[in-house]
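Student: Can we go through this one together? I'd like to start with the chain as a whole.

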Amino acid sequence: MARIKRIATASAPVNIAVVKYWGKKDTKLILPTNDSLSVTLDQDHLRSLTSSAAVEVEEEEEQGESASASAAAAAAAASKDRLWLNGVEEEIGSEGRLRTCIDELRNARRKVEGEDGGVEKIAHLPLHIVSENNFPTAAGLASSASGFAALVWSISSLYQLNSDSGGHLSTSALSRVARQGSGSACRSLFGGFVAWQGGEAKDGSDSLALQVAEREHWKDLHAIICVISDAKKGTPSTAGMQRTVQTSAALQSRISHVVPERMQRITSAIKQRDFDAFAKETMRDSNNFHATCLDTSPPIFYLNDTSRLVIQLVEELNRSSEQAGAGAGAIAAYTFDAGPNAVLYAPEKNVPLVLSLIRHYFPNADFDDPFKLLPSLPRDGLSSADLPSTFNKSVIPVSEAGAVRRLIHTRVGDGPRILGAGSSSTDDDTHLIGQ
Ligand code: DP6
């Protein structure tokens, strides 16, 4: 029987990069070959939720008094750490990414307990961790970023390490831990617009996330996720990026010129809320990243025919808008991660047009509008009223029903939230673990 001594529950958001991370110079510490930058999406629509509990297991042996006995007790506790992910128990093991994150946080707690005798002793207790996503696997989104961010945030709340829960570790300091779970997870520790500074230090001490701007700075930015495939097939990003590091000459120019210059331009576009500049940099970086994948040997293909049709459609929309003049600029931006699904960014005022275009050319996508802000949107039709006059309607054919399977409309969001922390989980349903 396990009895909960202390528990904390946190949620963390998904982030989608506009300057992509692709390549590691240290695969154990997860140190990237280039800086990257992402937009955090709204947790009300997409999030991972994690409860972490320090538990007393009844059959546990009494702890000895000597240092070696307490080290043995800590080792025994660690061996009993358990994790359930979407209802299925996962092996934590004695090494690997989960173990690294848990050990780093446990060591930080142990240090606090050592320095301040008044602090409750819980570092030696085993952890039970339960994590769930509120988006189905069918959303076609990688969940490792939000998953590791929620894990780190919930354990650091349990151990009262982060400043939100009275500790002294900054969010950037904790992002170093999340980074070792999955590189992109470090960016999910902040809301708004987030840079991952690759860093120079061999030990990874300066490889961390920094907030470029808060969500409130540019609340008007919306995202539309076009789920083209929810299948987990193809080359996983961890393996794919190392193949690129080993074989692609194009990656070298991405590391030395393309990304450093783009990081500067996109940061200033965000600071100035300049959507046109933001869109151009976002699309060019996605294309540069996928060109680098193609330059890998053997080549990696993430985009499919439907992905390319989405690119052509957005490019034509932006071209016709620019031709219309009057400073109209780009209407939307596309970006693609290690898979065929498109993420479109657009200012709120352009969302009805972009959605109606997508739904016209890619009919029958499942769509649940969380904002209910589009009551006048035709179910499956093109409202040409707002289309730029020179828009070429035959730029792409209308695809067969279901080519885009599902649409998820969301917007820029805030950083991780602590939903509850305390000495028991008795009286509310905040926590995923009961007594
Ligand atoms: C294409 O963070 O999933 O989404 O560090 O090996 O876990 P690991 O990789 P991961 O890679 C994400 C790659 C990307 C680009 C990005 O999010 O920046």
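Student: What share of the residues in the chain is buried?
Tutor: Of the 435 residues, 47% are buried. Buried means 20 or more other C-beta atoms lie within 10 Å of the residue's own, with C-beta atoms placed from the backbone. This is a predicted model: local features need pLDDT of at least 70, side-chain atom pairs count only at pLDDT 80 or more, and totals for chains, interfaces and linings use all residues. Residues are numbered from 1 along each chain as its sequence is written.

Student: OK, how many helices and strands?
Tutor: Nine helices and 17 strands. Both are DSSP runs, numbered from the N terminus: helices are H or I with at least four residues, strands are E with at least two.

Student: Which domains does the chain have?
Tutor: Domain 1 is 2-213 and domain 2 is 221-411. Those bounds come from an automatic or database domain assignment.

Student: How many residues of each are in contact?
Tutor: 25 of domain 1 with 34 of domain 2. Contact means C-beta atoms, placed from the backbone, within 7 Å.

Student: Which element gives the most on the domain 1 side?
Tutor: Strand E2, residues 15-19. E2 gives three residues. E5 (36-40) and E11 (208-213) also give two or more.

Technical notes. A residue is buried if 20 or more other C-beta atoms lie within 10 Å of its own, exposed if 12 or fewer, and partly exposed in between; C-beta atoms are placed from the backbone. Two residues are in contact if their C-beta atoms, placed from the backbone, lie within 7 Å.
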